[in-house]
Amino acid sequence: MIKMELTAILYSKKNYDLAYKVHNICKEFSINLITALDFVELTIKSLELEPQIIFCDCETIDFSSSILNAFLEKQEYKTKKIIFLGDERSTAGLKSIVCKNLMISKISELSSIITDMQSELNFESISTRLKDEAYKNLDIEISKLLVDLGFSMKYSGCAYLKLGIKNVIANKGILHSLSSNEYPIIAANFKTTSANVERNIRNAIEKAWKGFGKNYWHKVFYSKCLEDGKKPTNREFIYMCIENLMPQFEKRKIGNYN
């Protein structure tokens, strides 16, 4: 399961049972949950916190056509995932909704829905960070490093690798599980599968290792596997690239904020 560091708002009027259940689900997915008791508070918190998800309690909030239109028309809600929570009766008036960002769900279905959207949410969150000025030259720097290490940009595995390295740098250099964190995000961006991402990155590393790695990589990186003359795994290689790129990136980022 992907562990997210995202923010959600629960729009509900003292529905303690629902709040408890949503809180536990958000905790499972490492989502920060904030509550809002009325539409004004929801709007203010949405502007301040910029949540990725808004849960709407249809059992205690009357979503008349005027309130629903506010969700559809206000700019601050157009980029949010809005999930209306309730049973068949409380959500009956919302069945005509046809919108990518709006969903209707029972609380029992919520974990499954978050699981389905998690790769997309993580990619959107990282993409927002990558718009920072400090990331301006990062693509060029990653490409230069890979080319210097013997990688060919014509292989899809190299493109996957570039995005994976950039995503980890955007996540402050923290490298979580490749299979459950990084590969699904890369796959979502390239519209492929996690298995295909893993295989193509492994093949790209294999090709570069045979041409350059055995005789050259230990001059660029320090790693126990390289000292022992072994080809690095996908994780080991990405981590070595992060260690190489992060110091200069952090220096540039600090300079941009001074």
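**Rings and charges in a predicted model**

Author: Start in helix α9, where Arg-202 and Glu-198 both lie, four residues apart, about one turn of the helix. Helices (H or I, at least four residues) and strands (E, at least two) are DSSP runs, numbered from the N terminus. This is a predicted model, in which local features need pLDDT of at least 70 and side-chain atom pairs count only at pLDDT 80 or more, while totals for chains, interfaces and linings use all residues. Residues are numbered from 1 along each chain as its sequence is written, and side-chain values use heavy atoms, with hydrogens and water left out.

Reader: What do the side chains of Arg-202 and Glu-198 form?

Author: Side chains of opposite charge can pair when their charged atoms come close. A salt bridge needs a side-chain nitrogen of Lys or Arg within 4 Å of a carboxyl oxygen of Asp or Glu. Arg-202 and Glu-198 meet in one, at 2.9 Å from N to O.

Reader: Is Arg-202 buried or exposed, or partly exposed?

Author: Buried means under 20% relative accessible area, exposed means over 50%, and partly exposed is in between (1.4 Å probe, protein chains only). Arg-202 has 35%, so the residue is partly exposed. Glu-198, at 25%, also counts as partly exposed.

Reader: How many salt bridges does the structure hold?

Author: Seven salt bridges. One of them joins Lys-45 to Glu-41, with the closest N and O atoms 2.9 Å apart. Both residues lie in helix α2 (residues 39–49), four residues apart, about one turn of the helix. Lys-45 is buried at 19%, whereas Glu-41 is partly exposed at 24%.

Reader: Where do Lys-166 and Asp-139 lie?

Author: First, the contact: their side chains meet in a salt bridge, 3.1 Å from N to O. Lys-166 lies in helix α7 (residues 156–170) and Asp-139 in helix α6 (residues 138–148), so the pair ties together parts that are 27 residues apart in sequence. Lys-166 is buried, with a relative accessible area of 15%. Asp-139 is partly exposed, at 33%.

Reader: Which residues are linked in a network of salt bridges?

Author: Glu-206, Lys-210 and Lys-231.

Reader: Now the rings. How many aromatic pairs are there?

Author: Rings of Phe, Tyr and Trp (its six-membered ring) pair if their centres lie within 6.5 Å; planes under 30 degrees apart count as stacked, over 60 as edge-to-face and the rest as tilted. By this rule there are eight aromatic pairs. Among them are Phe-212 and Tyr-216, edge-to-face, with 6.2 Å between centres and 80 degrees between the planes. Both lie in helix α9 (residues 194–220), four residues apart. Phe-212 is partly exposed at 40%, and Tyr-216 is partly exposed at 30%. Phe-221 and Phe-237 also form an edge-to-face pair, at 6.1 Å centre to centre and 90 degrees between the planes.

Reader: Where are Phe-221 and Phe-237?

Author: Phe-221 is in the loop between α9 and α10 (224–227), and Phe-237 is in helix α11 (residues 234–257). The pair links distant parts of the chain, 16 residues apart. Phe-221 is buried at 6%, and Phe-237 is buried at 0%.

Reader: Which residues do ring pairs link into a cluster?

Author: Phe-151, Trp-209, Trp-217, Phe-221 and Phe-237.

Reader: Which residue lies over the face of Tyr-155?

Author: A charge sits over a ring if NZ of Lys or CZ of Arg is within 6 Å of the ring centre and within 35 degrees of the ring normal. Here Lys-207 lies over the face of Tyr-155, at 5.0 Å from the ring centre.
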